[in-house]
Amino acid sequence: MAQNTPKKWGPAPYEIIFPNGERSTVILNGRVRWAIEELRKAGKAGRTGREALGPRWAAYIWDAINVHGIPIRSEWERHGGELAGRHKRWFLDCEIRPACRVEGGDT
(Lines give C-alpha, C1' and ligand atoms only; values in the text may rest on other atoms or scores of the structure.)
Protein backbone atom coordinates (compact mmCIF):
# COMPACT_ATOMS: atom_id res chain seq x y z
CA MET A 1 0.00 0.00 0.00
CA ALA A 2 1.35 3.45 -0.96
CA GLN A 3 2.13 5.89 1.79
CA ASN A 4 0.83 9.45 1.66
CA THR A 5 4.20 11.23 1.88
CA PRO A 6 4.72 14.74 0.51
CA LYS A 7 6.96 15.14 -2.52
CA LYS A 8 10.37 16.63 -1.78
CA TRP A 9 9.78 19.52 -4.20
CA GLY A 10 5.99 19.72 -3.82
CA PRO A 11 4.12 23.00 -3.33
CA ALA A 12 5.35 25.09 -0.39
CA PRO A 13 4.86 28.73 0.66
CA TYR A 14 7.84 31.08 0.59
CA GLU A 15 8.05 34.58 1.99
CA ILE A 16 9.81 37.16 -0.17
CA ILE A 17 11.26 40.19 1.61
CA PHE A 18 12.02 42.83 -1.02
CA PRO A 19 14.89 45.32 -0.65
CA ASN A 20 12.38 48.08 0.23
CA GLY A 21 11.02 45.97 3.14
CA GLU A 22 7.77 44.92 1.48
CA ARG A 23 6.78 41.29 1.88
CA SER A 24 4.93 38.83 -0.28
CA THR A 25 4.13 35.13 -0.09
CA VAL A 26 4.31 32.81 -3.10
CA ILE A 27 3.76 29.10 -3.54
CA LEU A 28 6.73 27.40 -5.21
CA ASN A 29 7.02 23.82 -6.36
CA GLY A 30 8.99 21.54 -8.60
CA ARG A 31 12.10 22.76 -10.37
CA VAL A 32 11.38 26.44 -9.65
CA ARG A 33 11.42 25.66 -5.94
CA TRP A 34 14.61 23.65 -6.41
CA ALA A 35 16.27 26.54 -8.31
CA ILE A 36 15.35 29.03 -5.57
CA GLU A 37 16.82 26.68 -2.96
CA GLU A 38 20.01 26.46 -5.05
CA LEU A 39 20.22 30.28 -5.10
CA ARG A 40 19.56 30.44 -1.37
CA LYS A 41 22.38 27.94 -0.71
CA ALA A 42 24.74 29.86 -3.01
CA GLY A 43 24.23 33.15 -1.18
CA LYS A 44 26.35 36.02 -2.48
CA ALA A 45 28.27 33.69 -4.83
CA GLY A 46 25.20 33.11 -7.00
CA ARG A 47 24.73 30.11 -9.29
CA THR A 48 25.11 29.21 -12.94
CA GLY A 49 23.39 26.47 -14.88
CA ARG A 50 26.77 24.73 -15.10
CA GLU A 51 26.99 24.59 -11.29
CA ALA A 52 23.41 23.66 -10.48
CA LEU A 53 23.12 21.15 -13.34
CA GLY A 54 19.42 21.66 -13.96
CA PRO A 55 18.37 20.61 -17.45
CA ARG A 56 16.50 23.89 -18.05
CA TRP A 57 18.02 26.19 -15.42
CA ALA A 58 17.32 29.43 -17.34
CA ALA A 59 13.65 28.45 -17.69
CA TYR A 60 13.31 27.90 -13.94
CA ILE A 61 14.86 31.30 -13.27
CA TRP A 62 12.58 32.91 -15.89
CA ASP A 63 9.53 31.43 -14.15
CA ALA A 64 10.76 32.57 -10.73
CA ILE A 65 11.13 36.13 -12.03
CA ASN A 66 8.21 36.46 -14.42
CA VAL A 67 5.58 34.15 -12.90
CA HIS A 68 6.35 34.50 -9.18
CA GLY A 69 7.85 38.00 -9.07
CA ILE A 70 11.07 37.00 -7.30
CA PRO A 71 13.83 39.60 -7.78
CA ILE A 72 16.79 37.80 -9.36
CA ARG A 73 19.74 39.58 -10.97
CA SER A 74 22.05 38.12 -13.59
CA GLU A 75 25.58 38.87 -14.75
CA TRP A 76 27.40 37.49 -17.80
CA GLU A 77 30.72 35.74 -17.18
CA ARG A 78 33.21 33.96 -19.41
CA HIS A 79 34.12 30.31 -19.11
CA GLY A 80 36.88 28.24 -20.68
CA GLY A 81 36.97 24.67 -21.80
CA GLU A 82 36.46 22.93 -25.11
CA LEU A 83 33.35 25.01 -25.80
CA ALA A 84 34.55 28.28 -24.31
CA GLY A 85 32.07 31.11 -24.20
CA ARG A 86 30.00 32.86 -21.61
CA HIS A 87 27.06 32.12 -19.38
CA LYS A 88 24.94 33.93 -16.83
CA ARG A 89 25.33 33.82 -13.10
CA TRP A 90 22.12 34.50 -11.17
CA PHE A 91 21.81 36.10 -7.72
CA LEU A 92 18.83 36.58 -5.42
CA ASP A 93 18.11 40.29 -5.03
CA CYS A 94 15.85 39.72 -2.05
CA GLU A 95 15.58 37.59 1.04
CA ILE A 96 13.40 34.55 0.49
CA ARG A 97 12.65 31.81 2.96
CA PRO A 98 10.13 29.06 3.53
CA ALA A 99 7.02 30.43 5.21
CA CYS A 100 5.26 28.57 7.97
CA ARG A 101 2.00 26.86 7.14
CA VAL A 102 -0.85 27.27 9.58
CA GLU A 103 -3.75 24.89 10.10
CA GLY A 104 -6.15 25.01 7.17
CA GLY A 105 -3.42 25.66 4.56
CA ASP A 106 -3.29 29.46 4.98
CA THR A 107 0.09 31.17 5.29
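Reader: Which residues of α1 are buried?
Author: Val-32, Arg-33, Trp-34, Ala-35, Ile-36, Glu-37, Glu-38, Leu-39 and Ala-42. Keep in mind that this is a predicted model.

Reader: What is the span of α1, end to end?
Author: Its end C-alpha atoms are 19 Å apart. At 1.5 Å a residue, the 13 residues of α1 should span 18 Å, so the two values agree.

Reader: What comes just after α1?
Author: Gly-43, which takes a positive phi of about 60°.

Reader: What is Arg-33 in contact with, then, leaving aside its neighbours within four places in sequence?
Author: Lys-8, Trp-9, Gly-10, Ala-12, Tyr-14 and Leu-28. Two of those names come back in β1: Ala-12 and Tyr-14 point one way from that strand, along with Ile-16.

Reader: And which residues point the other way from β1?
Author: Pro-13, Glu-15 and Ile-17. Both sets are buried.

Reader: Which strands does β1 pair with?
Author: β1 pairs with β2, residues 23-28, in the antiparallel sense over 6 bridges. β1 also pairs with β5, residues 95-98, again antiparallel, over 4 bridges.

Reader: Which residues face each other there?
Author: Tyr-14 has Val-26 as its bridge partner in β2. On the β5 pairing, Ile-16 stands opposite Ile-96.

Reader: How many residues lie between the strands in the hairpin of β1 and β2?
Author: There are 5. In that hairpin Gly-21 takes a positive phi near 95°.

Reader: What about β3 and β4? Parallel or antiparallel?
Author: Antiparallel, with 8 bridges joining β3 (residues 72-79) to β4 (residues 85-92). They form a hairpin with 5 residues between them. Gly-81 in the turn has a positive phi of about 105°.

Reader: What stands opposite Glu-75?
Author: Arg-89, in β4. Arg-89 also forms a salt bridge, with Glu-51. The closest N and O atoms are 2.9 Å apart. That pair links distant parts of the chain: Glu-51 is in helix α2 (residues 49-52) and Arg-89 in strand β4, 38 residues apart.

Reader: Glu-51 and Arg-89: buried or exposed?
Author: Glu-51 is partly exposed, with a relative accessible area of 42%. Arg-89 counts as buried, at 14%.

Reader: How many salt bridges are there?
Author: The count comes to 10.

Reader: Which partners does Glu-38 have?
Author: Lys-41 and Arg-47 are both partners. The closest N and O atoms are 3.0 Å apart in the Lys-41 pair, and 3.0 Å apart in the Arg-47 pair.

Reader: Where do Lys-41 and Glu-38 lie?
Author: Both lie in helix α1, 3 residues apart, about one turn of the helix. An α-helix has 3.6 residues a turn, so residues three or four places apart point the same way.

Reader: Which of these are buried, which exposed?
Author: Lys-41 is exposed, at 60% relative accessible area. Glu-38 and Arg-47 are both buried. For Glu-38, the relative accessibility is 10%.

Reader: New topic. Which residues of α3 are buried?
Author: In α3, residues 57-66, they are Trp-57, Tyr-60, Ile-61 and Ala-64. They cover an arc of only 95° around the axis, so they are on the same side of α3.

Reader: What covers them?
Author: The cover includes α1, α2, β3 and β4.

Reader: Last one, the overall layout. How many helices and strands?
Author: The protein has 3 helices and 5 strands. From the N terminus on, the order is β-β-α-α-α-β-β-β. Buried residues make up 35% of the 107 residues. Among contacts between residues at least 6 apart in sequence, 50% join residues at least 24 apart.

Terms used: Residues are numbered from 1 along each chain as its sequence is written. This is a predicted model: local features need pLDDT of at least 70, side-chain atom pairs count only at pLDDT 80 or more; totals for chains, interfaces and linings use all residues. Side-chain values use heavy atoms; hydrogens and water are left out. Contact means heavy atoms within 4.5 Å. Two strands pair if DSSP finds at least two bridges between them. Helices (H or I, at least four residues) and strands (E, at least two) are DSSP runs, numbered from the N terminus. A salt bridge is a side-chain nitrogen of Lys or Arg within 4 Å of a carboxyl oxygen of Asp or Glu. Buried means under 20% relative accessible area, exposed over 50%, partly exposed in between (1.4 Å probe, protein chains only). The expected span of a helix is 1.5 Å times one less than its number of residues. The arc is that of the directions from the helix axis to the C-beta atoms.
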